[in-house]
Amino acid sequence: MEILKKRKSLRWKIVRMLLFGWLFPFLLLFLSMIYIVFSMINSQIERTMFVNTEILDAAGVAMPGADYTWEQFEADCRKIKDAGYTPIAAALGDIPHYWWEFAIFNHTTTENHLTIPESASDEIGQGWVAAMEDIKALYEAGYFPDNTLSAKDDETFAMFVEGKAAFLLDGSWKVNGISCFYPADQRTAAKGGCLL
């Protein structure tokens, strides 16, 4: 039995090495031809802002850069909405996870980001309140899907891959789902490019 466990463990290590060490960079390269991909690496899982460049072009929005501000993001969301698209693909009533996390990070520091506030009135609590106000402002401006409070994550993800929403903030595991949306002749050469 011990030998079987060791073989399974070794097999999993090889699969992880191939997927994350070899295949994942190629998938990101492929996606960068269609979408612009911004990532933040955290414990081998990347929190990624996927951007549909076709929607940005249609809305007359420039590609965000390293000096992109929250105010520019809000202005770009307005242009995207005015062009008839949903700016942000997110199911706030289902799993909004990273939107809350990054909004909080915008108002805290790297030193205190993981600190739970004692109250809404302390320094860290005020950062959390400001973050919630940012999300509320985006919601009230109509930058999330109309059904963002009742939609499932799969529905809002579909909006992004179907070209109805401009921004998708999620983990690196969404790369496969995005690449699988395209016909086989537009995927990467690695076994058709789709890991499903």
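Phe 144 is buried in this predicted model, because its relative accessibility is 3%, below the 20% cut-off for burial. Trp 99 falls in the buried class as well, with a relative accessible area of 5%.

Several aromatic side chains are arranged in pairs. Five aromatic pairs are found in a search of the whole structure. One of them joins Trp 70 and Phe 73, whose rings are tilted, with 5.4 Å from centre to centre and 40° between the planes. These two residues are three positions apart in helix α3, so about one helical turn separates them. Both Trp 70 and Phe 73 are buried. Another pair, formed by Trp 99 and Phe 144, is edge-to-face, with a centre-to-centre distance of 6.2 Å and an angle of 90° between the planes. This pair links distant parts of the chain, since Trp 99 belongs to helix α4 and Phe 144 to the loop between α5 and α6 (153–161), 45 residues apart. Through ring pairs, Tyr 68, Trp 70, Phe 73, Trp 99, Phe 144 and Phe 167 are linked into a cluster.

In soluble globular proteins, nonpolar side chains tend to be buried together. Here, the largest nonpolar core comprises 27 residues, and the most contacts inside it are made by Phe 73, Ile 80, Ile 88, Trp 99, Leu 138 and Phe 167. At least two residues of this core are supplied by each of β2 (45–52), α2, α3, α4 (97–106), α5 (123–140) and β4. Helix α4 provides the largest share, five residues. Leaving aside residues up to four places away in sequence, Leu 138 touches Trp 70, Phe 73, Glu 74, Ile 88, Tyr 143 and Phe 144. A second core of eight residues is separate, and Phe 50, Val 161, Ala 165 and Leu 168 are among its members.

Strand β4 (residues 165–171) has seven of its seven residues buried and is therefore largely enclosed by the rest of the structure. The pairing between β4 and strand β3 (residues 86–88) is parallel and extends over two bridges. Within β4, Phe 167 is the bridge partner of Ile 88.

Between the C-alpha atoms of Pro 64 and Asp 76 the distance is 9.4 Å, and the two residues are twelve apart in sequence.

Conventions:
Residues numbered from 1 in each chain as written. Predicted model: local features only at pLDDT ≥ 70, side-chain atom pairs only at ≥ 80, totals over all residues. Heavy atoms only, no water. Buried < 20%, exposed > 50% of the residue type's maximum accessible area, 1.4 Å probe, protein only. Helix = DSSP H or I, 4+ residues; strand = E, 2+ residues; numbered from the N terminus. Pairing = 2+ DSSP bridges. Core = buried A, V, L, I, M, F, W, Y, C linked by side-chain atoms within 4.5 Å. Contact = heavy atoms within 4.5 Å. Phe/Tyr/Trp six-rings, centres within 6.5 Å; stacked < 30°, edge-to-face > 60°.
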